[in-house]
Amino acid sequence: MDVDGGRRVFNRLGPSSSGDNGSYNNNTNKQQKVCFHWRQGKCTRFPCPFLHSELPSAANGKRSNQGFGAEDNYRGDGGLRRSGNYNFSSNSTWGRAQSQQPVSSRAVVKKIEKLCNHWVQGSCKFGDNCKYLHQWSTGDCFSMLTMLEGHQQVVTGIALPLGSDKLYTGSQDETVKVWDCQSGQLTGVVNMGGAVGCMLSEGSWVFVGLTNLVKAWNIQTSTELSLDGPVGQVYSLVVGNDMLFAGTQEGAILAWKFNIATNCFEPAASLKGHTLAVVTLVVGGSRIYSGSMDHSIRVWSLETLQCIQTLPGHTDVVMSVLCWDQFLLSASLDKTVKVWAATETGNLEVTYTHTEEHGILTLCGMLDSEGKPVLFCSCNDSKIRVHDLPSFSERGKILSKKEIRSIQAGPSGLFFTGDGLGQIRVWRWSAEPST
């Protein structure tokens, strides 16, 4: 039987009623006819008085009209007879389509690339015969180590401060949680008083983007600072040229410079040009790149803090920008990843466009176990596509119950993902098989 196309079969097969013991013999059904509607794939009678399998041939070449019990279920040629008691186990093969297949191929189930909801809840009864996936990823290049649960809403930031054995995660549930990297246990919860829009670790500093505010903690000195100035939610943070930059809901990019003498961050500039919220920032070389809800990317000089180019290639929100080698990669809800390269004049132009089936929420680049560059594309179908660079050939997928908004590379082949349910998963790159 075609598993996916067999929904009709599931609707018409099941346990027999208490009044029907499934024994179809010559006294109750003398002619043992094959159901005409079953042959057309549309029988809806239950129980059906006619056979839902072809009649076996007798030794004399005539059709046999004997009854079939559960002990006489399969023909010698591999065809499926009607089961008298309808006692179908999870290994049964149902329907006409498989009646002519060899026994060894009947248990093969074509998987649909979607997580099994019952498996996630620990209650799937189909086991290996379930048509949905019983795994959190496809491909053999990485594996999940553990899951950290505690957040109540989408995880919007993951940070690993230098010199710390703690993992910091922020969420729209208005908390930052602190996890012990050795045990995976929750060691602390900080109530932020507002939704966390993003997080960043730079050296011993942890920065948290909030509404109208950026919080800064130094985990070595226990210094805690509040940086005022943003208007609306802070969606993105990046450090460059000894300055902290914050992309805000109003479309401005605010900059602070750290003053060693006073041990504080002082306002340095406000970069204006975007007409809607700045949701992503990255620093590459002597430039800072910003992606916005206004569908554009702006290129700023880190020296002058002036906009030197506007890139209008996307047709929807630019959700993520990433620097790799000599290229700028940008991802958008328009379902594309664009690769930008500098021309002889120094301006950036699109050299390649990669298209996904769904809008892209975030990009993350890292090296695999062999030191090869890979690109993580988190899409709004709750999957991450993992691609080799520069070929964009797919290495595997990471699946989740809700969209994954945060991806963070870690030490020793580890990386972390945070999803819309508030769950953080810890992954490890697998060693490539030797050839």
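**Terms and their grounds**

In this predicted model, Asp419 touches Gln153, Val154, Val155, Ser400, Lys402, Glu403, Ile404 and Arg425, leaving out residues up to four places away in sequence.

Q: Why is Asp419 called buried?
A: Buried means a relative accessible area under 20%, and Asp419 has 1%, so the term applies to this residue of strand E28.

Q: What makes the pairing of the side chains of Asp419 and Ser400 a polar contact?
A: A polar contact requires a pair of N or O atoms within 3.5 Å, one able to donate a hydrogen and the other to accept it; the side chains of Asp419 and Ser400 are joined at 3.0 Å, and Ser400 is also listed among the residues that Asp419 touches.

Q: How do you know whether Arg385 is buried or exposed?
A: The relative accessible area of Arg385 is 5%, and since buried means under 20%, Arg385 counts as buried. Its place is in strand E25, which covers residues 383–388.

Q: Why is Lys33 called partly exposed?
A: The term covers values between the limits of 20% and 50%, and Lys33, at 45% relative accessibility, therefore counts as partly exposed. Lys33 belongs to the loop between helix H1 (7–12) and helix H2 (36–39).

Q: With which residues is Lys33 in contact, once neighbours within four places in sequence are left aside?
A: Lys33 is in contact with Phe50 and Leu51, where contact means heavy atoms within 4.5 Å. The C-alpha atoms of Lys33 and Phe50 are separated by 5.5 Å, although the two residues are 17 apart along the chain.

Q: What makes the backbone at Glu174 worth a remark, and why is this residue called partly exposed?
A: Glu174 has a positive phi of about 75° although it is not a glycine, and it lies in the loop between strand E6 (166–171) and strand E7 (175–180). Its relative accessible area of 35% falls between the limits of 20% and 50%, so Glu174 is partly exposed.

Q: Where does His295 lie, and why is it called partly exposed?
A: His295 lies in the loop between strand E16 (287–292) and strand E17 (297–301). At 31% relative accessibility, between 20% and 50%, His295 is therefore partly exposed; it has a positive phi of about 75° although it is not a glycine.

Q: What volume does the largest pocket have, and which residues are closest to its centre?
A: The volume of the largest pocket is about 1,200 Å³. Of the 40 residues that line the largest pocket, Thr156, Cys198, Tyr235, Thr362 and Arg405 are the closest to its centre.

Q: How do the residues of the lining of the largest pocket divide?
A: The lining has 25 nonpolar, 13 polar and two charged residues. Several strands each supply at least two residues of this lining, including strand E5 (155–159), strand E9 (198–202) and strand E11 (223–240).

Q: How many helices and strands are there in the protein, and how much of the protein is buried?
A: The protein has three helices and 29 strands, and buried residues make up 49% of its 435 residues.

Conventions. Residues are numbered from 1 along each chain as its sequence is written. This is a predicted model: local features need pLDDT of at least 70, side-chain atom pairs count only at pLDDT 80 or more; totals for chains, interfaces and linings use all residues. Side-chain values use heavy atoms; hydrogens and water are left out. Helices (H or I, at least four residues) and strands (E, at least two) are DSSP runs, numbered from the N terminus. Buried means under 20% relative accessible area, exposed over 50%, partly exposed in between (1.4 Å probe, protein chains only). On a 1 Å grid over the protein atoms alone, a cavity is a set of points where a 1.4 Å probe fits but cannot get out, and a pocket is an open set with protein on both sides within 12 Å along at least five of seven lines; lining residues have an atom within 4 Å of a point. Grid points are joined across faces, edges and corners, and a volume is the space filled by probe spheres set on the points. Ala, Val, Leu, Ile, Met, Phe, Trp, Tyr, Cys and Pro count as nonpolar, Asp, Glu, Lys and Arg as charged, and the others, Gly among them, as polar.
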